[in-house]
Structure formats: structure tokens, C-alpha cells
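This report covers the packing and the strand arrangement of one model. The sequence and structure come before the discussion.

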Amino acid sequence: QFVSDSPDRMLKMEEFFPESFRLDIEDERNAFFKLCKEEQIWICKPSYSNQGRGIFLLKIPAAVNILQAKLCSAKKCLFSRNMSHDAPQPRIVQRYIQQPLLLEGKKFDVRSYLLIACTAPYVLFFAQGYVRLTCVNYDAASDDLTVHLTNQYMQKKNSLYSQLKDETVWSMERFNSYVNEKFRQTKGLPKDWVFTVFTKRMQQIMLQCFLAARNKLDRKLGYFDLIGCDFLIDENFKVWLLEMNSNPALHTNCKALREIIPAVVYESL
């Protein structure tokens with residue numbers, strides 16, 4: 001599908017993006033540590049990484065205090081040595097969505113794609129992706145990251161993955177049928193909510209993010225990029241953008257991905 005028009009209106013960040021702070025920016029770092037004194041769950045992740053590497057949860061004030069002490073120590077060390085190139089990897093803390101919609105008791109998110117096909121002029125395309133589920137049932141109190149992070153790299157660390165891997169990825173068609181069957185009447189959703197309301201919302205969010213970043217893009221004939229966009233749906237069917245990923249995974253290690261990924265690559269090229 002071609003994303004060709006501007007959004008009906010520009011969304012406010014809090015309408016689709018969980019509250020987030022960059023720990024490498026002093027004002028944002030101070031604002032976060034001032035805010036997070038209560039027992040809330042935050043997810044801390046590196047700015048430039050993938051496959052769930054380096055991600056951890058901040059669930060109690062003591063963990064926040066330890067992180068604050070580490071950042072303060074690193075800052076003092078850099079200042080005394082005057083070696084800015086040794087600065088720790090930039091990190092983001094993001095408010096954890098604690099009431100996610102569940103599929104058969106499991107947490108999930110949706111990976112869809114934004115293709116910036118050209119930057120001179122700008123040409124954008126949207127592609128439906130797939131649903132990523134955890135191996136085990138959701139428990140917000142669990143310290144097991146495979147309960148909270150849905151990507152395949154993380155799910156492989158769960159002992160049940162080898163026998164359940166084909167159930168960790170659903171096609172969007174299967175997701176749509178499940179929502180129609182399980183939630184349409186109880187939540188008062190329109191038929192095919194996944195392919196109507198949800199898809200339009202993903203496109204609206206992607207386009208708004210592109211418009212915010214386009215001035216930073218190199219504009220040359222032949223430049224393009226395929227971006228993987230991760231969305232979470234909460235139990236009220238509110239759509240959240242978790243992150244946008246360059247160099248998205250294109251492996252085909254389970255049945256659904258063998259049907260979905262080759263088409264995404266072929267259509268992109």
C-alpha cells in the first residue's frame with residue numbers, strides 16, 4: 001500500500017509513543033531520575049543495538065538508584081580523563097506498557113515495514129508484517145526477559161522455543177481472524193479491525209515519524225531504506241509505537257516467516 005497523503009492531523013507524542021528519556025542528554029536524564037521515584041516499570045535499552053542486546057527492566061527504586069550511580073561514575077571518569085570517545089553507549093529509558101493485549105495469554109507486538117523507496121523525490125511505501133509472540137504466558141512481575149521481549153533472538157533463549165517456534169510468529173491474516181473472533185463483540189470493534197483501524201493507525205504514525213526526520217535524510221537518487229517498525233496494542237486497543245529499526249531482521253526460521261519475509265524483500269527491491 002502506498003502512503004501518499006498527509007495525516008488527518010498531527011498526533012501528539014503521548015498519543016502513540018510511551019514516555020521516553022535519553023540518558024545521554026543531561027536535562028532528560030535528570031528529568032527521568034526526578035520522575036521515577038515510585039515503583040514503576042521502565043525498560044532501558046541501548047540506542048544503537050538490535051536483537052534485544054543490552055536491554056533490562058527497571059522495576060524497583062533500588063535498580064534506578066544503581067543505574068543513576070553508574071551513569072554518574074562514568075561521567076566523572078570521562079571528565080577526569082577528558083576522553084569523550086570512551087563515552088558509554090547512549091541509552092533510552094521507556095515507560096513499560098503494563099496492560100498489553102494478550103493473544104492466548106501471551107504478550108505480542110507487531111513488526112511492520114516502512115520502505116523509503118526514494119528521497120529525491122520522497123516516495124514511501126507501507127507493508128504489513130507479522131505478529132511476534134512470546135513462548136510462555138505473560139506475567140508482568142516476572143524477571144525473565146523472554147516474558148517481556150518478543151523478538152526471535154530473545155525467544156530462542158527460552159527452553160520451550162524449539163518446540164513452540166512456529167507459534168511465536170503469526171501472519172497478519174491469522175491475527176485479524178483471532179481479533180474478529182475473540183474481541184470484536186466484547187470490545188465493540190469494527191470487522192477486520194486489524195486491516196482497517198490498526199493498519200491506518202500504523203501508517204499515520206510511520207508517516208508522522210518520517211515527516212519529523214526527513215530533514216536529516218541524505219537526499220540522493222538511488223538512496224532507499226527498509227525500516228522495521230514495532231507496535232504494541234494495549235488491552236484498550238490503543239496502538240503504541242515501541243521503536244523503529246534500521247536493518248530489520250529478514251531471517252526465515254519458522255513457517256510464517258518463510259511465507260512473509262521473501263515477499264517483503266522482493267517487493268522492496
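Phenylalanine 108 is in contact (heavy atoms within 4.5 Å) with Leu101, Leu102, Leu103, Val131, Arg132, Leu133, Thr150, Phe175, Leu232 and Ile233, leaving aside residues up to four places away in sequence. The model is predicted: local features need pLDDT of at least 70 and side-chain atom pairs pLDDT 80 or more, while totals for chains, interfaces and linings use all residues. Residues are numbered from 1 along each chain as its sequence is written, and side-chain values use heavy atoms, without hydrogens and water.

Phe108 is also among the residues with the most contacts inside the largest nonpolar core, which has 35 residues; Val131, Phe175, Trp193, Phe198 and Phe231 are the others. A nonpolar core is a set of buried Ala, Val, Leu, Ile, Met, Phe, Trp, Tyr and Cys residues joined through side-chain atoms within 4.5 Å; buried means under 20% relative accessible area (1.4 Å probe, protein chains only).

## A second core

A separate core of 12 residues includes Tyr113, Leu115, Ala256 and Val264.

## The open sheet

Four strands (DSSP runs of E, at least two residues, numbered from the N terminus) form an open antiparallel sheet in the order E1-E4-E2-E3. Strands pair if DSSP finds at least two bridges between them. At the edges, E1 (20-22) and E3 (56-58) each pair on one side only.

Strand E2 (residues 42-46) pairs with E3 over 3 bridges, antiparallel. Isoleucine 43 stands opposite leucine 57 in E3.

How values were computed: Buried < 20%, exposed > 50% of the residue type's maximum accessible area, 1.4 Å probe, protein only.
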